[in-house]
Amino acid sequence: MLFPQMILRRVPLLGIILALAACSKNETKPIKEPTDAVAATKNEQRDSITLYSGRSQVLIEPLLTEFTQRTGIKVDVRYDKSTQNLATRLLSEGAQSKADVFFAQDSGYLGALAKQNVLAQLPEALLALVPATHRDAQGKWIATSGRARVLVYDPSAVQPDDLPKTLSELTDSKWKDKLGWAPGNASFQAHVSALRHLWGEEKAAEWLSKIKDLNPKTYPKNSPQVKGVSNGEIQIGWVNHYYLHKLKAANPELKAANYSFSQAQDAGNVMMLSGIGIVSHSKKKEAAQKLVEHLLSEKSQQHFTTKIYEYPTRTGIKANAALPDISSLMSHVPQEHLADVGGTLKMLRDLKLQ
Amino acid sequence: MQPAPPAQVSLKAFLPVAGTWGILALAVVPLLGMFLALQHSPTLFDTPPLALTDLWPLVGRTLGLALLVSASALILGTWLAFAQVRYDYFGNGLLSLLSTLPLAVPSYLLAAIIRENFAPRGSLGSLLGFENAFMGFEAALLVLTLSCTPYVQILVAAALRHTPAGPDEAARTLGATPWRRFVALTLPRLRPTWAFALVIVAFYVISDFGAVALLDCEVLTWALYQSRHAPPDAMRIGFGLVACTFPVLALIRLLHGQQQAQRQLSEPRKLTKEPMPKHLLAPTYLAHFFMVSLGLFLPLITICGWVFSGLQQQESFAQLGGIISNTLIYTVTGALLTLVAALLPAYTLARGKHRHSGLAENAVYATSAVPGILIAIGIFFLVLGLNRWWDNGSGVTWVELVESAGLFLLFGYVMRFLSEGYAALKPAILNIDLRQEESAQTLGASSARIFQKITLPAIKPGLKAAYLLLFIAIAKELPITLMLTPLGKQTLAYRIFDAQQEGVLPDAGLAALLLLLMALCVQLILLNWKKT
């Protein structure tokens with residue numbers, strides 16, 4: 001019986017761990033009780049829904065906690081950083097799935113799931129909250145926030161005037177060994193899907209091939225590219241805009257800046273949407289809909305833009321003052337083209353980028 | 001001596017062997033699930049399959065990385081363990097403990113930190129005048145060596161503590177130099193332990209997922225990361241990974257040699273530590289410096305910097321109480337179950353020569369080469385299959401109950417880390433003094449009493465080392481945890497990964513600090529256990 005005694009003797013050490021955790025500030029504290037809050041009854045407390053989230057826990061947990069406190073509906077979440085994995089899982093589970101709501105980092109997967117009838121039709125009133133460009137044409141999913149595709153560059157090595165005016169110009173040989181990209185990343189793939197639509201298959205493949213010839217450094221994700229720019233690994237990365245703001249919030253000394261192509265409607269200026277849909281097999285569609293409504297509420301939309309530095313999708317919500325107004329520069333790509341991830345993966349594999 | 005009744009003997013011999021094969025049969029369960037995945041997995045997109053011609057270069061690089069990391073970890077870990085157990089030098093205890101702590105740093109986190117600090121403008125990169133990103137094969141070699149050396153150090157130190165003092169003292173009296181004594185006496189005794197350490201290190205490298213992805217080192221698991229959404233590709237890559245195990249298994253056999261029969265015939269008198277010769281001090285401190293500075297202090301300083309900058313910028317931290325308790329529950333239970341599951345094959349295969357013992361041992365080792373993501377996919381599809389088969393429309397099935405209790409997750413851990421437990425336990429079992437057991441048996445002691453009084457104390461250091469290794473490995477584990485954790489439960493490993501990937505560094509730093517603290521607590525508990 002020595003081992004249990006030893007454990008007991010070390011309980012204070014384990015206590016330190018728990019105390020440290022307890023001392024940490026509570027991020028999940030609600031932002032503020034909304035004025036139209038419905039007091040949760042004991043009966044409602046027993047309600048729960050299951051959310052499959054490709055969006056990170058660190059990003060959305062406060063919103064879910066607030067939802068539970070406001071409505072009394074508990075949200076059980078299965079997180080997976082890879083929306084691909086989660087979407088494949090949902091498809092594989094079929095009618096057995098416990099998921100009521102699917103929250104995707106990238107709309108391409110929502111489109112693919114909608115095509116396979118995994119998602120249910122959303123009410124018109126809900127869909128009307130966002131512009132037509134920010135929802136599924138069939139009304140099966142709706143965007144909650146957006147991330148602009150940008151270049152992140154090193155201001156101490158490159159002047160903004162020297163940066164390419166269009167995405168096509170990024171193939172200039174002066175950028176050899178100075179670029180970074182993340183072909184395994186879902187946003188990268190969605191942007192390639194957009195290029196295939198905007199430029200056509202041949203030009204998109206040619207552009208990728210030329211960039212490949214510039215020997216770009218490959219990163220698994222976007223945020224390491226921003227750090228790579230700041231650390232002097234690369235001069236330019238191809239990322240979503242919001243990583244820079246989040247990293248700068250923790251480290252204002254970060255040596256990196258974002259850049260949107262100056263030519264209006266350039267293929268490099270594309271908005272990537274995160275979105276949400278209700279699973280067609282769900283037996284709790286009413287509660288699921290409440291969650292979708294919550295994420296599109298003015299308050300949640302403010303959270304997306306002020307805390308996460310994303311562009312809100314709901315009409316009439318102002319973006320964070322730190323974010324440039326790039327709406328006039330944006331190219332608009334119909335969502336069904338972003339959902340053609342299969343064709344993009346084939347192109348990337350043919351070019352040995354996968 | 002009166003011979004035992006034949007029926008009793010055969011039953012005694014049969015049960016452990018049957019149990020061993022029973023446990024190994026469980027390893028087939030995820031494979032069955034993987035087969036189901038191939039048969040029934042619906043795909044979101046039609047993508048062209050990965051060509052076999054693209055696979056073989058990846059197999060070559062994977063093997064190359066595994067062998068180089070194994071060689072460097074074996075050399076470095078053995079030296080650190082030898083210095084720790086045999087020599088008296090300033091700071092030995094503390095430095096030896098600190099040198100094992102890089103084990104608690106997840107390799108994907110270490111990779112990110114090393115890459116960041118060795119970048120041209122990173123703290124070390126600027127100091128060393130680096131002009132290019134520190135990435136690729138060499139960077140993976142460094143990171144994985146730092147991650148794997150502690151495994152070797154812990155296992156070899158446990159084996160060296162059991163080395164009898166007599167032969168070494170005799171050789172010293174006869175004027176043999178420390179090097180001569182090391183080569184002639186210690187090395188042959190270490191061969192089985194090295195073989196087991198090689199199992200852990202080589203298969204750790206073959207199945208490592210995060211570090212190679214972060215460092216852009218093109219190996220099989222890197223390709224798996226790129227095409228993880230397509231089960232057919234994942235299976236092809238799994239086939240490549242299994243192909244990698246054969247040369248490693250051959251090397252393990254070669255390294256192991258015929259040493260498995262070498263046993264203690266009496267309780268060994270422990271070697272007393274001698275002062276370290278002056279010319280060995282510099283390389284020893286250098287080895288400690290390498291491990292402690294790059295494997296522990298650099299990550300520690302970096303993650304403390306993340307937490308500090310969060311405090312400075314008045315960032316709010318996430319509440320981690322629930323995540324810590326989940327981590328503790330799954331890790332403590334998972335390590336215990338894996339230890340128990342590994343004990344039976346280790347005990348059976350170490351205690352007697354069986355007809356298929358070589359095959360059984362290879363089967364144990366092969367379980368380690370399957371990356372966690374494939375085991376997770378296998379179990380996941382099996383759960384789906386069972387649910388489909390069992391569901392009679394009456395509501396919650398037993399499969400769902402088992403899933404919500406986290407039993408499939410624990411099963412995944414057992415399958416993933418079975419060989420690590422086995423490799424840590426078998427050398428300890430080989431060291432049991434058989435004569436003591438036989439004497440006790442002759443005096444009429446029951447099997448249970450023999451196990452409690454003789455066997456258990458003898459294998460205690462091995463059990464301790466095995467539990468420590470398993471605890472830390474499970475605490476860091478990501479792919480199985482991600483896929484099989486019950487709904488709504490997260491662990492520290494996931495939190496670190498999630499926050500670090502999202503660039504929320506203060507949260508990542510706090511979670512990483514807590515994971516390190518947990519590993520340190522377990523180290524201290526086990527050290528204390530040994531002393532008592």
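The briefing below takes these topics in turn.

This is a predicted model, in which local features need pLDDT of at least 70 and side-chain atom pairs count only at pLDDT 80 or more, while totals for chains, interfaces and linings use all residues. Residues are numbered from 1 along each chain as its sequence is written, and chains are lettered from A and ligands numbered from 1 in the order in which they are written.

**Domains of chain A**
- The domain assignment divides chain A into domain 1 (25-146 + 272-324) and domain 2 (147-270 + 339-350), with bounds that come from an automatic or database assignment.
- The centres of these two domains of chain A, taken over C-alpha atoms, are 28 Å apart.
- Their contact (C-beta atoms, placed from the backbone, within 7 Å) takes 15 residues from domain 1 of chain A and 14 residues from domain 2 of chain A.

**Chain B**
- Of the 532 residues in chain B, 53% are buried, a term that requires 20 or more other C-beta atoms, placed from the backbone, within 10 Å of the residue's own.

- Apart from neighbours within four places in sequence, A:Phe102 is in contact with residues including A:Tyr52, A:Leu90 and A:Ile276.

Definitions and conventions: Two residues are in contact if their C-beta atoms, placed from the backbone, lie within 7 Å. A residue is buried if 20 or more other C-beta atoms lie within 10 Å of its own, exposed if 12 or fewer, and partly exposed in between; C-beta atoms are placed from the backbone.
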